[in-house]
Amino acid sequence: KKQHHDDESQKNGKKDRLEGSDRSQHNIIQLILNIFHRNSIIPFATMKAIFLLLSSLLISQYPGLQAWSPSFRKVHRHQHYFTTGSYNIKKAVNSPRPFATAPLANDKKMSIIEAAKKVPPPPIPFRDTSSFVLAGKLPPPETEAATPSSSPSPTPPLRQSPSSTNPLLSPPRPIPDPYGWLRDDSRTNQDVLDHLRAENEYGKQITSHLENLREELYEEMKSNIKETDYTTPVAKGKYWYYFKMQEGVSYPVYCRAPRKEGEMFHPPICEDWNANVASTNQLSSLMEGEEIYLDVPALAEDKPYLSVGTISISPNQEFLGYTLDLTGGETCQLSVKHISSGKEWVLYDVNEINVRKNIGGKVKAGVGGKDVSEPENGTDTTTTPLLECDGSVVWNDQNTAVFFVTMDEAHRPHRVYRRQVFKSDGSYVPPEQQKDELLLEERDELFNVRITKTFDGRFLIVRSSSKESSEVHYLKLSHDSESDEEGRVVENQLTCIAKRRPKVLYRATHCQGYWLIQTNYGETPNLRLMACPVGNEGNGESWQNVLLDSEDGDNLPLFDGGDKCSLDGVTVFSPDSSIDGTKAPDSIPLAFGVATGREEGLPRIWIMEFNDSPLAVSKITRLDFDESACDVGLGPNRDPTLPYVVVSYDSLVTPPSNIAVPLANPVDLDVRRVLKQKEVPGYDKDLYACERTFVKSRDGKTEIPVSLVYRRDVLEKRNNEESIPTHLYGYGSYGASIEASFRAIRLPLLNRGMVYVIAHVRGGGENGRPWYEEPMGAKYLCKKNTFNDFVDVARWLTGEEHGNLELSTLVQPSIGKRITNSRNLSCEGRSAGGLLIGASMNQVPELFRAAILGVPFVDVACTMVDATIPLTVAEWEEWGNPNEEKYHDYILSYCPMNNVKNGAVYPSCLLTGGKLLVLLPNLNVRS
């Protein structure tokens, strides 16, 4: 009951607010005593309610008790209804900050409560129950009659994409948004920052008893990492490229060393390259003639944050273009550098330069960068904003200009520019003389723009894509020198391979005058392989299937886009020598195509031989490996003229290796060469085992791939039918696959007897695009398949099967079935994987003991309604648009924020977020 105060207390407003909570508690206790006085027999439900009331009152005075006893931890879930409903909301209303903490404890209590007082109360954010967002068709804004001096009406927020034909909700419906005030795009709101600091401080104090364990785990993780190391040297033209890492230094140093003509593999590594690091705190040369072309530790000095975006070497290997993110906001600045002299220049916003020139201002060099050379006309006094881009950079053929992409206000890459930064003699173009030429602008907010260069370096590729459609343009870089009298590249040089079409995706790879097209054109479930001549693209009408030659003449499509295997991409090599360094024989194929994709739920690599034309493949070989739970993909490759491809391989128990596979004879294991295997100090592979199995979903048909890794001695506990601590990881969105790869950071868990499990749930790409797309995947109106699969795997692990849940009959029995119970099962997901964890917990809160949610996306409904949140519009093709009738109810039915179970006991949760992360607002993490 709401406490009614007498007239005297009402006169003392401040005192009344402070003592109101204590009076309410006194009245509740009096009510309980009356119940006992009037009833000799009390129903169990009444006793339970009394127990909850008393426990809640105790915890409200001594919040530390919830960390002392499991019983109090359970009660603390219910305590919210009593304390938050009275004292805390009142305090929040009267506090200058919109959040509050529980009352402080009285210092005259029993000793156990004295100990509990040391645990701080959690910061409780203000819950604005009156706040909501409107989903659907908004009413027209109420504006005063327009006058000649009136400012233009604000643009109404976007409700759906222009291409959508789905009706909007009308009238609009409110969606509760009690924590919407936590959204702060500027990241400067003091109330929000104070609350985040309070959360961090609370997390630090509430886990202070784990400090020794944290330190122990950290040291163990460090002990499994070889901090002073180098990457596999990769051949490109006249150099071997690699980077080095030094113990205690957070950033790599990018280096290169001379490569002799015809040298197939890098020369021996200098034995003493790291011998003097302890005394000199500096690494020696890894290979003879080494030079540093980008010293990232030096760039990071005195900077609170730094992340390298792209590093691009010019075709003549004399210049460097690189991008840096200095805020964590995924917006980069672009710099260019002359490698041999060490001179470098940061690029400015030339539009701002032109504005300042018009008003008499000048440009000052050196802003935002270190050791940046001055303009040729000397130092000026007026600062100028730096160029901001998405982080990509591509050089032209003449080593004089760079291509880059800028972003709009919603952080969407949308414009491709070309800027000349060097003259033909290699001298730098002064900033005030630089000009940006717009090559392409993407105006559809569903689409993002990306730029790359073909592997052979001949074409600039500009790809506009949404989640479901794409459009590719290309520019022949040898034509980039053709410019008009003002130095601008001739307009309309970009050529479109095929205009965008609904539900049609495609990519293009150059191969001997042809485009190899990877596409789902023709509504194929997976991507197929087609080809057409460069310059005769025919908007897709001239595309032909790439065929596999057959001895009987019955040539069939190589990758037909069917369910059996999925195609991801193709990389083309045209070797000019044999593996032994001699000139390539006349019998060598025209080109080799290295295809990546998936088959039988695993990543695969195929090597294709093109003899006469890219329209036909004479031979195809799939690379196979022994382990069932593994990850394989392309490694570091820079030179398309080499006779081998570098493949990266690892598994749940095998550290990563880079392996050179000869293109002409890929199945000959004796010719393969391990270029480098990651060294993991203290790791003994023989102590560990992994397996891959399948679990049937609740529909009785779908088989969910599951990967497990564990120490072999854990099997002894399994044989004794002991419950083994198990950690379950999942993602399941965007068609992204979670591979069975090696992670040294898992070893402290495995060494403590834990089993690590990856559930390859629907929504990912493990079984190709049908595993992701409607109707059998987990997108749009079948998104719940992601959560159901995860819960089904968890129930299989605990033996709490649901319906037809069982191990697939296609595989041998697994140790995973009934390996644990809900008291020993934890789970984890990040970003969209955080959505997976939130929805799974709402479905069965009692199934997990603990949960980790990293930058979780748990406020789906409110986020997807608001097109002003960065990247929301593009996400409508992933989740659906809750402004539309078709998706509104379905999204609300699984959105974690809108489906928390009242009174349920949830797992202990750790949620983490990033202050400057643009993909998710703060409120998603707070949720």
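**Figure 1. Four strands line up in an open sheet, in the order S23-S24-S25-S26.** The pairing here is antiparallel, and, like everything shown in these views, it comes from a predicted model. Look at the two ends of the row: strand S23 (506-511) and strand S26 (544-545) are the edges, and each has a single partner strand, so one side of each is left without a neighbour in the sheet.

**Figure 2. A closer look at how S24 and S25 pair up.** Strand S24 covers residues 514-519 and strand S25 covers residues 528-533. The two run antiparallel, with 6 bridges joining them. To pick out one of these links, find Gln-518 and follow it across to its bridge partner in S25, Leu-529.

**Figure 3. The largest nonpolar core brings together 77 residues.** Which residues have the most contacts inside it? They are Leu-728, Val-755, Phe-790, Leu-797, Phe-848, Val-860 and Tyr-894. Helix H14 (residues 784-798) gives the most to this core, putting in 7 residues.

**Figure 4. Helix H14 is mostly covered.** Of its 15 residues, 14 are buried. From first C-alpha to last, H14 reaches 21 Å, close to the 21 Å expected at 1.5 Å a residue. Just after the helix comes Gly-799, which takes a positive phi of about 80 degrees.

**Figure 5. Phe-790 and the residues it touches.** Leaving aside residues up to four places away in sequence, Phe-790 meets Leu-728, Tyr-729, Gly-730, Ala-759, Val-761, Cys-827, Leu-836, Ile-837, Ser-840 and Phe-848.

**Figure 6. Asn-200 sits in helix H7.** This helix covers residues 190-206. Is Asn-200 buried or exposed? Asn-200 has a relative accessible area of 59%, over the 50% cut-off, so it counts as exposed. Thr-912 is 712 residues away along the chain, yet the C-alpha atoms of Asn-200 and Thr-912 are separated by 9.6 Å.

**Figure 7. Stepping back to the protein chain as a whole.** The chain has 19 helices and 44 strands. Of its 927 residues, 49% count as buried. Take the contacts between residues at least 6 apart in sequence: 59% of them join residues at least 24 apart. The accessible surface comes to about 44600 Å², and 50% of that belongs to carbon and sulfur atoms.

Technical notes
Residues are numbered from 1 along each chain as its sequence is written. This is a predicted model: local features need pLDDT of at least 70, side-chain atom pairs count only at pLDDT 80 or more; totals for chains, interfaces and linings use all residues. Side-chain values use heavy atoms; hydrogens and water are left out. A nonpolar core is a set of buried Ala, Val, Leu, Ile, Met, Phe, Trp, Tyr and Cys residues joined through side-chain atoms within 4.5 Å. Buried means under 20% relative accessible area, exposed over 50%, partly exposed in between (1.4 Å probe, protein chains only). Contact means heavy atoms within 4.5 Å. Accessible areas come from the Shrake-Rupley method with a 1.4 Å probe; for residues, only the protein chains shown count as cover. The expected span of a helix is 1.5 Å times one less than its number of residues. Two strands pair if DSSP finds at least two bridges between them.
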